[in-house]
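Hi,

Here is the structure I promised to pass on. Have a look at it first, and then read my notes below.

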Amino acid sequence: MLAARGGEEGFTGALREAGAQVGAASRGALDTLTFGHRDTLAAGLETLADPSSLSTWRTQYQNHRRQEAAQDQYDITHYEPARTVGQVAGVVVPMILTGGESALASAPRLAGAAARTGREFGAALAAGGGVGAGVQHVSDLVRGRQPSWQSDLAGAAGGAADVAALAARLGPGRAGGINGAVAATMEDLLNGRPVSLERVSQGALAGQVIGGAAGELGRRWSNALGRRAKGQLGEMLGAVRSAVNGMPREAVPKTSVSIKGTGKSWRPDGRWGGQFFEDKFGYGADLSRNQRLARRIDPGTFNLYHFLPDDIAALLGVPGAATGQQAAPRRRGQ
Amino acid sequence: MGLHMNWLAVECGDKDAVLTSLGLQETGWVNDELRAQLACATLPNGWTVIVSSDYRLELESLLPAASAKGRAIGCEVSEIVMYSGVRAYQDGEFAWAVTHDPDKERYGVAVNGEPPSQLSDILAKVGELAAAEPDEPVDWWFDAPVELARSVCGYEAGAVQNAEWSTVAFAADVRSAPRRERTLRGAIRAEIMPLLGSLGWEPRVGKAEWPNAFYSASRVHDGHLQFVNLVGKDDGEDVYLFPSFGAWPGEANEGDPLIAGEVRAAHAAIWKRLTKPWRRLTGKRGLDERLDQVVGDAQRAIVDMNEFLTLGRTSPNLRIDLGSAQVWIDALLAKDDAPGG
């Protein structure tokens with residue numbers, strides 16, 4: 001009987017312990033999702049849920065908040081692994097579920113469109129790093145903190161990681177999360193501090209949310225542009241891309257080019273020596289008949305650059321994520 | 001360029017009246033309408049066309065006003081986003097429109113009102129082409145509105161022969177400038193055409209057999225029909241002129257040219273290019289000075305081009321767009337090796 005009671009108590013105790021672990025993990029996840037303000041939010045909800053407390057709501061709220069803060073501290077002391085799992089889940093689960101990806105239908109690039117080159121990737125990494133470092137530097141100045149090379153380098157690492165993630169087609173949201181996580185980790189490491197998982201999680205979430213939102217805004221904005229502006233945007237991006245690839249477009253009036261053996265001609269958007277460039281922008285852009293002919297007759301000189309609103313999302317996602325990571329609160333001594 | 005433009009056409013041969021009704025005025029000359037921000041010409045069929053090579057015509061407001069002078073159509077073409085559309089107005093009222101917007105309908109056109117009957121033939125032809133090559137990444141429907149516009153007014157971007165294009169601008173944007181004694185067109189007639197004549201070319205004005213050539217020259221040399229096409233612009237702000245050239249395999253304009261290209265003036269020194277806007281702003285380099293340089297460069301280019309076409313001698317500023325220098329040299333050598341060559 002005693003043995004049975006002991007077994008029952010052991011089972012109940014294990015259940016209670018498991019519940020406490022789950023509770024700590026949930027609070028950890030919520031703390032990340034609210035950027036460290038779970039205690040404030042929970043205290044507010046508890047105060048609102050008690051109608052008798054209207055006359056003394058301020059006192060009630062402060063009491064609830066103290067209790068929630070004490071609960072968090074208890075979790076940190078007694079259930080740190082579970083809380084950590086929750087904090088990580090608070091970042092990873094939303095990333096998996098949304099990733100900040102667009103609801104807009106995305107179409108592949110045109111068949112035969114030029115693939116990204118190593119030079120383009122290198123330039124993008126450098127630009128991403130520059131943006132990350134720049135945002136970090138400006139943020140330090142705005143917050144009245146002394147900028148440091150450690151912080152700038154951490155920002156640069158985050159920006160570069162963002163670009164690398166974008167190249168792996170993770171989307172601006174997920175890439176922004178990686179930006180935030182890498183920047184926060186690097187900042188701790190470069191400053192000789194132990195890596196704070198809480199801060200890394202919050203940085204990742206902020207990078208994901210703001211980076212994803214900035215990317216989505218960019219995608220929708222560019223997709224909604226007027227035809228004239230879309231065309232100008234496409235040509236501008238094309239000119240930048242050719243320059244990055246070492247083929248700066250000639251600053252000459254644009255002329256039509258005969259298509260050998262067909263009696264037809266086409267007007268490229270740019271040329272560099274014997275190379276011709278055709279720029280496209282948008283999900284629905286295909287080749288025209290003569291462009292198809294020109295590519296078929298002389299594929300070695302026909303360079304097709306097809307840009308999508310997704311590219312604008314990526315372009316804006318990097319600074320968005322870097323800014324978001326800065327907006328993540330630095331609490332509890334971080 | 002990859003076409004990214006809009007234009008309007010009015011069934012009225014009185015160019016001045018059309019321009020005045022739209023608040024536009026002539027500012028100069030250009031041989032190719034797609035090299036000017038705004039250009040205007042009256043076609044032989046009596047339609048007056050105003051073209052914006054960078055999509056700056058506000059068709060919504062201009063078309064109703066233009067249609068007071070006659071039937072008016074407006075066309076938009078962007079090969080970057082592959083949008084095309086044509087709409088017509090009559091007596092200030094909307095008549096019909098046909099548009100292809102791949103972001104809305106990738107395979108087809110949207111029709112509003114009652115377009116001309118030829119649209120059904122055009123769409124049938126486009127449908128056949130698309131069905132014949134279903135796997136090709138080609139926007140077959142893109143051409144339908146453009147083709148319809150061409151069937152109505154006769155204009156096709158960059159393909160009009162022998163039209164005399166004026167550069168135009170909205171009167172509000174035109175800065176008052178002193179009357180010029182010397183223009184590029186005058187210099188072409190007085191200094192370039194005689195040079196071409198002295199080198200054995202038969203200069204022509206407004207009678208060339210290829211698009212966008214108003215000033216041109218041709219000759220048969222060593223069994224090849226050769227041509228020179230003067231590509232230029234003088235709108236009071238920008239002046240340039242350079243000759244393009246080509247040659248056919250035989251003595252007739254049949255099939256593809258064997259070779260085609262241009263001769264460009266040597267690039268100005270980098271410091272001159274960098275300070276050009278400043279020198280323009282401060283009046284350090286006036287239009288007449290630039291005109292002198294442009295005409296001098298064009299004369300040297302014609303001599304270079306002539307040496308290439310007769311002797312196969314290349315120059316650093318020679319650029320071949322079709323064929324290659326070696327193709328032409330081989331053709332010249334073949335003539336020399338031929339019996340009696």
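This is a predicted model: local features need pLDDT of at least 70, side-chain atom pairs count only at pLDDT 80 or more; totals for chains, interfaces and linings use all residues.

Residues are numbered from 1 along each chain as its sequence is written, chains are lettered from A and ligands numbered from 1 in the order in which they are written, and side-chain values use heavy atoms, with hydrogens and water left out.

Let's start with a hairpin in chain B. It is formed by S6(B) and S7(B), with two residues between them. Asp91(B), in the turn, has a positive phi of about 50 degrees. The two strands, residues 83-90 and 93-100, run antiparallel and are joined by seven bridges; Gly85(B), for instance, stands opposite Thr99(B). S7(B) also pairs with strand S8 (residues 110-113) of chain B, again antiparallel, through four bridges. There, Val98(B) stands opposite Val111(B).

Now for where the chains meet. In contact (heavy atoms within 4.5 Å) are 38 residues of chain A and 37 residues of chain B. The buried area, meaning the accessible area (1.4 Å probe) that two parts lose on being put together, summed over both, is about 3400 Å². Carbon and sulfur atoms give 48% of that. Arg227(A), Arg267(A) and Arg289(A) supply 24% of what chain A buries against chain B, more than any other three residues.

How many salt bridges are there between chain A and chain B? Nine, where a salt bridge is a side-chain nitrogen of Lys or Arg within 4 Å of a carboxyl oxygen of Asp or Glu. One of them links Asp103(B) and Lys230(A) (3.0 Å, N to O). Another is Arg271(A) with Asp321(B), at 2.4 Å between the closest N and O atoms. Arg271(A) sits in strand S3 of chain A and Asp321(B) in strand S15 of chain B, so this pair joins two chains. Both are buried (under 20% relative accessible area with a 1.4 Å probe, protein chains only; over 50% is exposed, and in between is partly exposed): Arg271(A) has 6% and Asp321(B) 17%. They also belong to a salt-bridge network with Glu250(A), Glu262(B) and Arg319(B).

Cheers

Terms used:
Two strands pair if DSSP finds at least two bridges between them.
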